[in-house]
Amino acid sequence: MNCPNCSAQVNEGIHICPICQASTHVRTERLSSLAVTSFVLGILGIGLWVLLAVAGCAAGFLAYTFIERSGGALKGRPFAIAGVLLSAAGIARHFWLR
Ligand SMILES: [Zn+2]
């Protein structure tokens, strides 16, 4: 196998690359639960309470920040973006359609 950092040939079972000292452990990507939460809150916020939409908007921004900082370990950016947009729509709807 090859080092994911410097592409040097590394023997199987060696977890630290001898060339660049990077971990050769393949990073497992996981879905950001906060991003999914934001998405769900955004949907609920449109139909139900505006407070859910406010929480969804905050959760979406947070999730997006975490995903950006994770360097690829966290997935779910589309959920975070959708969560923020849906929540914003829920908040806008609350104020415009009162
Ligand atoms: Zn390396």
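**Entry 1: α1 and α2**

I looked up the crossing of α1 and α2 first, and it is left-handed. I am working from a predicted model. The two helices, α1 and α2, pack at an angle of about 155 degrees. Their axes lie 7 Å apart. An angle over 145 counts as roughly antiparallel, and α1 and α2 are therefore roughly antiparallel to each other.

I then listed the residues on each side. From α1, the residues that meet α2 are L34, A35, T37, S38, L41, G42, L44, G45 and I46. From α2, the residues that meet them are V50, L52, A53, A55, G56, A59, G60, L62, A63, F66 and I67.

**Entry 2: α2 and α3**

I asked at what angle α2 and α3 pack. The angle is about 155 degrees, with the axes 8 Å apart. α2 and α3 are therefore roughly antiparallel to each other. α2 passes α3 in a left-handed crossing.

I noted some residues of this pairing. On the α2 side they include V50, A53, C57, F61 and Y64. On the α3 side they include R77, I81, V84, A88 and H94.

**Entry 3: helix lengths**

I checked each helix against the span expected at 1.5 Å a residue. α1 has 15 residues and reaches 22 Å from its first C-alpha to its last, close to the expected 21 Å. α2 has 20 residues and reaches 29 Å, close to the expected 28 Å. α3 has 20 residues and should span 28 Å; its end C-alpha atoms are 28 Å apart, which agrees.

**Entry 4: buried residues, helix by helix**

I went through α1 next. Its buried residues are L34, A35, T37, S38, F39, L41, G42 and G45. They pack against α2 and α3.

In α2, I found L52, A53, G56, C57, A59, G60, A63, Y64 and I67 buried. What covers them includes α1, β2 (74–75) and α3.

In α3, the buried residues are F79, A80, G83, V84, L86, S87, G90 and I91. They pack against α1 and α2.

I kept one general point beside these lists. An α-helix has 3.6 residues a turn, so residues three or four places apart point the same way.

**Entry 5: the nonpolar core**

How many residues does the largest nonpolar core have? I read 17. The residues with the most contacts inside this core are A35, A63, I67 and A80. α1 (33–47), α2 (50–69) and α3 (77–96) each supply at least two residues of the core. α2 gives the most, with 7 residues.

Not counting residues up to four places away in sequence, A80 touches S32, A35, S38, G60, A63, Y64 and I67.

**Entry 6: V84**

I picked V84, which sits in helix α3. Is V84 buried or exposed? V84 has 22 C-beta neighbours inside 10 Å, so it counts as buried. Leaving aside neighbours within four places in sequence, V84 is in contact with S38, C57, G60 and F61. V84 and F61 are 23 residues apart in sequence. In space, the C-alpha atoms of V84 and F61 are 6.7 Å apart.

**Entry 7: L48**

I moved to the loop between α1 and α2, where L48 has its place. L48 counts as exposed because it has 12 C-beta neighbours inside 10 Å, and the limit for exposed is 12 or fewer.

**Entry 8: positive phi**

I looked last at backbone angles. Most residues other than glycine have a negative phi. S7 has a positive phi of about 65 degrees although it is not a glycine. S7 lies in the segment before β1 (30–31). With 11 C-beta neighbours inside 10 Å, S7 counts as exposed.

Q21 also lies in the segment before β1. Q21 is not a glycine, yet its phi is positive, at about 65 degrees. Q21 is exposed, with 10 other C-beta atoms within 10 Å.

I closed with G71. Just after α2, G71 takes a positive phi of about 65 degrees.

Definitions and conventions:
Residues numbered from 1 in each chain as written. Predicted model: local features only at pLDDT ≥ 70, side-chain atom pairs only at ≥ 80, totals over all residues. Core = buried A, V, L, I, M, F, W, Y, C linked by C-beta atoms within 7 Å. Buried ≥ 20, exposed ≤ 12 C-beta atoms within 10 Å, placed from the backbone. Helix = DSSP H or I, 4+ residues; strand = E, 2+ residues; numbered from the N terminus. Contact = placed C-beta atoms within 7 Å. Expected span 1.5 Å × (residues − 1). Axes fitted to C-alpha atoms, helices over the stretch in contact; angles between N-to-C directions. Parallel < 35°, antiparallel > 145°, perpendicular 65-115°, else oblique. Left-handed = near helix turned anticlockwise from the far one by under 90°.
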